Amino acid sequence: MGISEFTPRVFSGIQPSGNLTLGNYLGAVKRFVEMQDDGIETVYCMVDLHAITVWQEPAELAHNTRELAAAFMACGLDPERSILFNQSQVSAHAELGWIFNCVARLGWMNRMTQFKDKAGKNAERVSLGLFAYPSLMAADILVYHATHVPVGEDQKQHVELARDIAAKFNHDFGVAFFPEPEPVIEGSATRIMSLRDGSRKMSKSDPSDMSRINLTDGPDTISRKIRKARTDPFPLPETPGELDGRPEAGNLVRIYASLADMAESDVLRQFAGKPFSEFKPALAELAVSRLRPISEAMGRMLDDPAEVDRILAEGGDRAAAIADPILDRTFEILGMIRSRTRKR
């Protein structure tokens with residue numbers, strides 16, 4: 001079913017696996033912040049249950065979760081205006097995830113391209129969680145009856161799976177209970193690429209730290225990475241169409257446009273005909289001016305981890321107040337007896 005009958009609500013989450021990058025900021029978190037002003041309730045999550053589909057050192061996972069929360073807030077997410085929490089504090093995610101394991105079909109999961117990419121040739125040796133996590137991702141979204149999910153193009157398939165699961169549950173039980181959420185993919189920076197290879201997405205898992213700009217990088221590091229970013233020998237063109245076939249050049253222009261809140265065409269009008277030896281210093285100066293306040297704010301927050309934990313606990317309570325009644329109604333629809341008085 002469509003989403004018009006449901007109260008508009010945004011949900012999205014990012015794994016706390018360390019080193020949030022410029023790509024995460026421009027492609028996701030910056031848009032998260034903007035959506036706080038759209039008049040729609042926004043729910044943002046550090047998906048730590050997804051993180052453990054591969055081995056995590058416990059102390060490092062805890063640090064990364066706090067670091068991601070600090071990054072969210074330093075980028076402008078307001079825990080008073082958005083619900084901000086880590087996934088494992090709201091057990092309804094895991095409970096609905098199991099139910100959706102029983103709704104989703106094996107063939108659907110076999111078609112998920114990200115599992116194939118992550119498992120590679122060792123598919124028989126990876127965790128069951130890595131294979132099944134798309135149904136947990138569907139639960140993350142649907143346990144809040146979220147109607148809109150801001151994602152990158154590479155995550156669109158997961159939202160489509162959530163729509164399929166919602167539709168099958170509703171059909172199987174003759175209800176109009178779960179919405180079919182819409183992916184929100186927009187903006188010039190939805191896919192920021194590696195500084196070393198314009199055909200690959202900027203990733204915090206890339207072995208080369210020079211391939212990305214981390215939100216924790218200092219000004220000198222940011223400038224050095226941009227100065228050494230791969231380009232080509234040609235000057236900047238006059239129009240975006242002339243960047244076709246020049247992935248590294250296009251990536252740097254896209255980064256500049258998003259950081260400056262400009263159209264790519266306006267960036268090219270400003271720098272048309274200039275070599276990268278002139279463009280890169282301007283990009284570095286812009287990146288430092290935008291990212292320095294974020295890294296400094298993150299540092300201040302991480303100096304007080306107890307306050308970060310308090311904010312996550314408060315966000316978890318607010319999230320559970322939405323999720324728990326939806327989960328309880330799901331159990332009721334399934335015919336499960338829930339006569340025990342319990343505290344969540």
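**View 1. Strand β2 and its partners.** Four bridges link β2 to strand β3 (residues 83-86), and the two run parallel; strands count as paired if DSSP finds at least two bridges between them. Here helices (H or I, at least four residues) and strands (E, at least two) are DSSP runs, numbered from the N terminus. This is a predicted model, in which local features need pLDDT of at least 70, side-chain atom pairs count only at pLDDT 80 or more, and totals for chains, interfaces and linings use all residues. Residues are numbered from 1 along each chain as its sequence is written, and side-chain values use heavy atoms, with hydrogens and water left out. Look for Tyr 44, which stands opposite Leu 84 in β3. Strand β1 (residues 9-14) also pairs with β2, in the parallel sense over six bridges, and there Val 10 faces Thr 42 in β2.

View 2. Helix α7 (residues 128-142) has 15 residues, which should span 21 Å at 1.5 Å a residue, the expected span being 1.5 Å times one less than the number of residues. Its end C-alpha atoms lie 22 Å apart, which agrees. At Pro 134, α7 bends by about 40 degrees (the angle between axes fitted to the seven residues ending there and the seven starting there).

View 3. Ala 162 sits in helix α8 (residues 156-173). This alanine is buried, with a relative accessible area of 0% (buried is under 20%, exposed over 50%, partly exposed in between, with a 1.4 Å probe and protein chains only). Leaving aside neighbours within four places in sequence, Ala 162 contacts Ala 138, Ile 141, Leu 142 and Pro 181 (heavy atoms within 4.5 Å).
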